[in-house]
Every structure is written in C-alpha cells, then in structure tokens.
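Okay, everyone, let me put the structure up on the screen. I'll talk through charges, rings and cores, and you can follow along.

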Amino acid sequence: MIVERGDPKHPQAKALLKQSHALMQDLFEPEENYFLDIEELCAPNIRFLVAKDGDTITGTAALAIKSGYGEVKSMFVDPARRGQGIADALMQALDDTAKAESITTLKLETAHKLKAAVRLYARHGYTECALFGDYEPNQTSLFMEKHL
C-alpha cells in the first residue's frame with residue numbers, strides 16, 4: 001500500500017467520496033454536515049491524498065491549508081478494507097504533508113457518534129479542542145487538534 005497525492009475526480013476516489021457523503025447524510029442533519037464536495041477538494045489550498053493497493057484506491061484524506069493551521073477533511077476508508085492499517089497510513093501522510101507545508105497545528109471536526117474515527121484520531125495524538133473556523137455550535141460535532 002502507498003499513500004500519495006491524488007485527484008478527487010478520479011473515478012475510484014469519487015466513488016469513495018460519494019459513499020462517505022451518503023453515510024454522513026444518513027447519519028446527520030444537513031446543517032451538521034461539513035464535508036467538502038468534490039469540486040471544493042480541487043481548490044488550490046487542498047492537498048488531496050489517496051491510499052492505494054496496486055491500482056485500487058482504498059482510502060482518501062485531505063488537508064485544507066488554513067490561516068495558522070491545517071484541517072483534516074475527507075478521511076474515509078473503503079468499508080471492505082477497514083482494519084488493514086489504511087487509516088493509520090493516511091493519518092501519517094497527513095502529518096507528513098502538513099510538515100512539508102510548515103504547518104504546526106492540525107485540527108478536525110468529527111462527530112461524537114463516530115466512535116471509531118474518534119479513537120483513530122486520539123490514537124494519532126489528537127485531543128479535544130474548542131470550536132474553530134466557520135463551524136457553528138451544535139450537539140453533534142467534536143473538535144480535535146494536534147500539535148506537530
């Protein structure tokens with residue numbers, strides 16, 4: 001498995017992103033969904049990453065470069081491939097990408113009910129933090145950060 005820069009419009013990446021978006025829409029109210037659409041993931045301040053096994057994209061993650069920090073977005077692993085270290089590899093690649101961009105703080109928004117995601121982030125050194133950026137307070141979101 002390798003993790004490298006990718007294109008959110010690649011058919012395999014796009015399929016995973018659409019699967020992630022559908023899951024979030026099933027689990028949360030529209031005002032509680034903060035995922036970036038595929039066009040937004042093509043913006044100049046986004047570093048989009050894919051995990052690949054051969055020619056197969058098995059996971060996605062993105063780093064949004066913000067003023068003073070980087071934000072983790074679009075973290076998703078093919079459900080059939082979970083438990084194989086893909087998420088851990090993506091998390092390490094996000095750290096490496098942030099360091100290459102001279103970013104010293106990473107932040108993210110997730111949800112309390114996404115327990116596996118919260119455990120993943122905690123395992124990678126993220127701790128709870130205050131609301132940040134353009135997020136609105138709600139009962140669903142959990143905000144986390146990590147200092148590199």
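Let's start with a term: a salt bridge is a side-chain nitrogen of Lys or Arg within 4 Å of a carboxyl oxygen of Asp or Glu. Before I use it, know that this is a predicted model, where local features need pLDDT of at least 70 and side-chain atom pairs count only at pLDDT 80 or more, while totals for chains, interfaces and linings use all residues. Residues are numbered from 1 along each chain as its sequence is written, and side-chain values use heavy atoms, with hydrogens and water left out.

So, how many salt bridges does a search of the whole structure find? It finds nine. One of them joins E101 and R47, with the closest N and O atoms 2.8 Å apart. E101 lies in the loop between α2 and β5 and R47 in strand β2, so the pair ties together parts that are 54 residues apart in sequence. When I name helices (H or I, at least four residues) and strands (E, at least two), those are DSSP runs, numbered from the N terminus.

Are the two partners buried or exposed? Buried means under 20% relative accessible area, exposed over 50%, partly exposed in between, with a 1.4 Å probe and protein chains only. R47 is buried because its relative accessible area is 14%, whereas E101, at 32%, counts as partly exposed.

Next, K66 and E71: their closest N and O atoms are 3.6 Å apart. K66 is at 35%, so it counts as partly exposed, and E71 is buried at 2%. K66, E71 and K73 are linked in a network of salt bridges.

Then there's K107, which has two things going on. K107 in strand β5 bridges to E145 in strand β7, with the closest N and O atoms 3.7 Å apart. K107 also lies over the face of Y69, at 5.3 Å from the ring centre. For that to count, NZ of Lys or CZ of Arg must be within 6 Å of the ring centre and within 35 degrees of the ring normal. Another case is R82, whose charged end sits over the ring of F76, 5.1 Å from its centre.

On to rings with rings. Rings of Phe, Tyr and Trp (its six-membered ring) pair if their centres lie within 6.5 Å; planes under 30 degrees apart count as stacked, over 60 as edge-to-face and the rest as tilted. The structure holds six aromatic pairs. Take Y34 and Y135: the centres are 4.6 Å apart and the planes at 80 degrees, so this pair is edge-to-face. These two sit 101 residues apart in the chain, and both are buried. Y69 and F132 are edge-to-face as well, at 5.6 Å and 80 degrees. Together with F143, the residues Y34, Y69, F132 and Y135 form one aromatic cluster.

Last topic: the cores. A nonpolar core is a set of buried Ala, Val, Leu, Ile, Met, Phe, Trp, Tyr and Cys residues joined through side-chain atoms within 4.5 Å. In soluble globular proteins, nonpolar side chains tend to be buried together. Here, the largest core has 22 residues, and M75, L90, M91, L94, Y121 and Y126 touch the most other members. Which element gives the most to this core? That's α2, with six residues. A second, separate core of 13 residues includes A13, L36, L41 and F76.
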